[in-house]
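Please find below a note on the model under review.

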Amino acid sequence: MDKVKVIEIKQSVFAANDKQADELRSELKEKGIFLLNLMSSPGAGKTTTLRATIAALKDEFKIGVMEADIDSDVDAKRIAETGAKAIQLHTGGMCHLDAGMTRQGLEGLGTGDVELAILENVGNLVCPAEFDTGASKNAMILSVPEGEDKPLKYPLMFSVCDVVLINKIDVLPYFDFNLEKCVEYIRMRNPAATVIPICAKTGEGIDVWADWLRGEVNAWRNK
């Protein structure tokens, strides 16, 4: 029986995307645009956290936000209410954004007056972690109701992130969630990740998060 030729499509797709991501990162660096890729599962509080982040940093940086969803424009409208530049990206059923999609989003956003661009990726703990978007830094939000064990169940997501925000700490008394254990699990996956407990709704910890992001943007500018 003749041998069947096997083509590793996944590897090829990732390699091509990684090349596009590196090219996009270089172009954004030349333009002085810091791109943050923000990921989480649905309902973890990405948009609420973004609104709080914009309020904390809007006087320091010109901010533009790309809201990615399979459908609807609900999140983009909520971001636009803050005064930040915002557009909605529809993924056509895809559960992630890659570098090519991110480039299209940036072109649609218009980056001539943007210093800090934020991509709110599709709500999913699997697919978005697999694709380099060309971002300067990756961030993710884990909410208390999701459980402390998520770093064990979704290792790639936690391993690719520079910072992990543990959101909704105001409800810690009502959930069986061990914060210290969660941080331990995150460290198992990514010893270098910064972990910041926050409550986007009340504002607790947002100043620490804003300080981290401010420091990263300024360090990136001075490289």
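Predicted model: local features only at pLDDT ≥ 70, side-chain atom pairs only at ≥ 80, totals over all residues.

**Note on helix packing and the nonpolar core**

1. In α9, the buried residues are Ile206, Trp209, Ala210, Trp212, Leu213, Val217 and Trp220; buried means under 20% relative accessible area, exposed over 50%, and partly exposed in between, with a 1.4 Å probe and protein chains only. These residues cover an arc of only 160 degrees around the axis, which puts them on the same side of α9. The arc is that of the directions from the helix axis to the C-beta atoms. Helices (H or I, at least four residues) and strands (E, at least two) are DSSP runs, numbered from the N terminus.

2. Residues are numbered from 1 along each chain as its sequence is written, and side-chain values use heavy atoms, with hydrogens and water left out.

3. Helix α9 has 16 residues and spans 22 Å from its first C-alpha to its last, close to the 22 Å expected at 1.5 Å a residue. The expected span is 1.5 Å times one less than the number of residues.

4. The largest nonpolar core has 28 residues, and those with the most contacts inside it are Ile63, Leu116, Trp209 and Leu213. Such a core is a set of buried Ala, Val, Leu, Ile, Met, Phe, Trp, Tyr and Cys residues joined through side-chain atoms within 4.5 Å. At least two residues of this core come from each of β1 (34-40), α2 (46-57), β2 (63-69), β4 (116-120), β5 (137-143), β6 (163-167) and α9 (206-221). Helix α9 gives the largest share, seven residues. Another core, of 18 residues, lies apart from this one and includes Met157, Phe158, Cys161 and Ile169.

5. Which residues does Leu116 contact, leaving aside its neighbours within four places in sequence? They are Phe34, Leu57, Phe61, Lys62, Ile63, Gly64, Leu213 and Val217, where contact means heavy atoms within 4.5 Å.

6. The structure holds three aromatic pairs. Rings of Phe, Tyr and Trp (its six-membered ring) pair if their centres lie within 6.5 Å; planes under 30 degrees apart count as stacked, over 60 as edge-to-face and the rest as tilted. Phe34 and Trp220 are edge-to-face, at 5.6 Å centre to centre and 90 degrees between the planes. Phe34 belongs to strand β1 and Trp220 to helix α9, so this pair ties together parts that are 186 residues apart in sequence. Both Phe34 and Trp220 are buried.

7. The ring centres of Trp209 and Trp212 are 5.7 Å apart with the planes at 15 degrees, so this pair is stacked. Both residues lie in helix α9, three residues apart, about one turn of the helix.

8. Lys29 lies over the face of Trp220, 4.4 Å from the ring centre. A charge sits over a ring if NZ of Lys or CZ of Arg is within 6 Å of the ring centre and within 35 degrees of the ring normal.

9. In helix α4 (residues 99-109), Ala99, Thr102, Gly105, Leu106 and Leu109 are buried. They cover an arc of only 115 degrees around the axis, which puts them on the same side of α4. Gln104, Glu107 and Gly108, on the other side of α4, are exposed.
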